[in-house]
Each structure stands twice: as C-alpha cells, then as structure tokens.
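Thank you all for coming.

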Amino acid sequence: MKLGIRSKLITSFILVFLIPLVITGTLIFIFLNIMVVRNPEMQKIALMEDNQTLVMNAVRENFRDIGNYDRFGGAVGPLLEDYERLQVLDHEGKILFDSQSLENSLSHKQLNLARLVGLEEDSTREANIERSSYPIVVEGQVLATAVMSFDLNEVLSQKVVTRILSSIVFGLLVGLALLVLLIYYFSRIISGGILEPLKELGDATDSISRGNLDFEINYCKEDELGRLCQAFDIMRKDLKKSLEKQEAYDRSRKELVAVISHDLRTPIASIKGYVEGLQDGIVKDPEMFQRYLTVIRDKTSKLDHLIDDLFQYSQLELGKLTMEMKELDSRLMLENILEVSEFDFAGHPVDLMVNRPLPRVKLLADEHRISQVLDNILQNARRYVVGEGGRVEVDAVIKDNFIKITIRDNGPGIPQDDLSNLFDQFYRREKSRSMDYGGIGLGLAICKHIVEEHGGEIWVESRLGEGAAFIFTLPFVMDIKQ
C-alpha cells in the first residue's frame, strides 16, 4: 500500500513521538533495575520493610509487658538494629515505650502523634528522619500506635540517590538524542519526497520556457507529487507532439503558398501566351486554332480544380464544410455519381469498370459530398494510371453494417512510406510535379473529413508495381430488398 504525503506526515509525527517515549522509558527502567534495584543499599531498604512486620508482631505479642521497660525492650530491641527509634503511644499521645529514652517511657511524656509522623508541620522535625506509624491491634482492639523512625542518610547513601538521578537524566538524554535523530531522518525522507519532485518540476518548467521539450521527469513514485509529475510529463509529450504537428503544418502552409504560386503562375502564363497568339492572328490554320483552344480549356480546368480544392479547404478550416444528410438509396446514389464518371472516362486511354449490380441499402448521406470523394479518387487514379491497358475498377459490397466501396487501379502503386501520410493536409507524393500528379495535397484530406463525418473510414492498400486500392465505408440505416 502506497502512502500519500499526508499519511506519511501523520505516520512520521506519531513515530517521532512514540519511539523516543518507549525507548526512554525502557532505558530508565533498565538502568534503575541494574544500578539501583540491585544495589545492596536498596536491598537493605527492602529488608527493612520486611523487618517492620517482625517488629510490629513483636510489639503486639509483648504488649502486656510494655509497662516493664527492660522486659519489653529486651523482646523488641534486637529487631531495632536498623532503626533510629521506636515509640509506642496510647490514644492520648502519651509515650508508653521509647527505645531511646527510659525517662520518657516512665514519665509517659505527652506527644502530638500527627506532628510526630509528619501530618502536621513541625519546624523542629529533622529533614533526614523518616517515620512510619502502625496501629497496635490486640484481640481485635486498637490499643496503641507504634512510630518507627530511621535515618535516610544511614540507609540510603548519596551515591544511590545520584545513581537514581543519573539513570533518569541519562534516559532522558538518550530519548532527546533519539528524538533529534528521528526528526532529522524523517525530515530528510519527507523533504526528499517533496523537494526532489518539486526541483524536477521547476527544472522542467524552466526547460519548457526555453523551448526545450526533449527531457523526461524521472520521479515516478505513487503519491500525490508522483501523479503530478506523471501528468506534467504527459502534458510535455502532448505539447511536444502539438508543436511538432504545428511546425509541420506551418511548413506545409509555406509549401502550399509556394506551390499555389507556381501552380497558378504556370497555367496562367500558358493561357496568356495562347490567348495573345490568338489575338495577334498568328494562328491561321483551323486545326491549330482548335488545338490552342483545347490547351486553354485544359489549363482553365486545372485552375478550376485547384481553386475548388482551396475553397473546400478553407471551408474545412472554418468548420463550414457542412453535410446535408438525407436518406438515400445507395444503388441510385452510386449510379448517379458513376454515370458521370463513366462519361468522363469515355475516350480516355484508361478504362473505368463498375461491378454491377451495386448493393442496395438505405444510407443517411450527402450525395454531393460522396460524389466529391469518388470523383477525387477516380481522378487521382486516372492521373497515375498511364499507358495501354490502364484500368480503374469500382466495386461495392455489404460488410456488417457498412457498405464498402473500393476503387482499384493497376497503376504503379504507392510506396509504403507514403501510405500513412497520404490523407494528411498538403501532402503530395510528387512535389516537383504537383499540377500533373498530386495537386496541392488537399483532395484526399477533404475526402477523409467527408467520410468520417458520415461515420465511416477511409484507407489505402498498395504495393509498388501492383496498383493501389482506395477503400472507404459508409454506415447504412437498413437493407432494402432487391
């Protein structure tokens, strides 16, 4: 599971808090156990706590002899080696027994029990003397209170206290050092995961501003910044493709201007020359006169074709190449178009063959635009098929929900390198002979737009020396019974 930046931050903060806390506590516990708990002086305190129980049992068992100082002291005294003092007081605070003062025991000196055990403030109380009080219960009745005193300085040396404090301080210092290391470690990780991609994005932005798009963003982690870097790199690639396409388009437009200038100037100059010859009366022979007129008509026809391509292209660029879709009988539509083409091919060295009967389905199409497609492909085929035996064949079949129309010729074919670019705007196979062969490279681009607007596809299949087949499909609404 990949963590996002927010999850990483939350996890890091929790770990930075918990790890030092757990380790510090563990270290303090270990040091106290090693340096303090196992210390002989601390063991002595534990023994004293156990010995207190023995003292209290001895006081209860010998309480009937408490009036006899020597006898009671002889029974309890051996157990008081580790204690500073033992005092037994009745309910009124009178001393019944004082291990350090026979006089107090005999005089039953009055004491304040609460002050004695430290429950009330006493300015005369010694700071290093620790006292504990225990009730004396005999046969279920509390008869007195025993107060046991011992000197902390004798039991717990300064060395032990120092060890305790040292253990705590050392554990805290280790925890603090660990905290600093963890903060540094996680900050390196988090900042690396943020600053590294930001630096790459900054460098990428700087490269783009200088017009350089030939780089890659290497940060590819699955987090927020990783996805941002991936999106940025995709944008860079799209921008690069767009600029390359725009450069190619601009280059093609410049070539178009040059081609148009040449293709307009050449026939116009030719027409002008022939017209001037006719005007000057240099042509006397009627046959030569007709030949002049034929050349002028041919040049005018080519100019008309060029201007029509330019007009169609301008309509396409402006989004005004509209389609007037109508329900049409495919057979009637194709017959209307191909009859004109057959008449146009009559008397030409290239034969046009139409495989009939043509399929009959109902199309939603613009007959004029489909006529443009067929006419453009047929005219291109006639230009390239030269010599005796030239043939162009038109075939139409039904495939799935489409009518598939194929225009096949037995010309020289098209190189494989040209096939993928054939439908691009301004693309011409014969750049040096555009007027005789490829025109200005707009016809097939317009054909592609028309076919795709109808919901179909257009492509070409060809090999050098084996002719070419231009194929396009049109979806039909329904089949019509023959």
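Let me begin with a definition: helices (H or I, at least four residues) and strands (E, at least two) are DSSP runs, numbered from the N terminus. Counted in that way, the chain has 13 helices and eleven strands. Please keep in mind that this is a predicted model, in which local features need pLDDT of at least 70 and side-chain atom pairs count only at pLDDT 80 or more, while totals for chains, interfaces and linings use all residues. Residues are numbered from 1 along each chain as its sequence is written, and side-chain values use heavy atoms, with hydrogens and water left out.

Of the 482 residues in the chain, 37% are buried, where buried means under 20% relative accessible area with a 1.4 Å probe, protein chains only.

Turning to helix α9, residues 286-317, we find 32 residues that reach 46 Å from the first C-alpha to the last, close to the 46 Å expected at 1.5 Å a residue, that span being 1.5 Å times one less than the number of residues. Among the buried residues of α9 are Y292, I296, L303 and D309, and the helix is followed by G319, whose phi is positive, near 70°.

Now to the interior, where a nonpolar core is a set of buried Ala, Val, Leu, Ile, Met, Phe, Trp, Tyr and Cys residues joined through side-chain atoms within 4.5 Å. The largest such core has 47 residues, of which L334, I405, I407, F470 and F472 touch the most other members. Helix α11, residues 367-384, gives the most to this core, with six residues. A second, separate core of 19 residues includes V55, F72, L96 and F97.

Terms used
Buried < 20%, exposed > 50% of the residue type's maximum accessible area, 1.4 Å probe, protein only.
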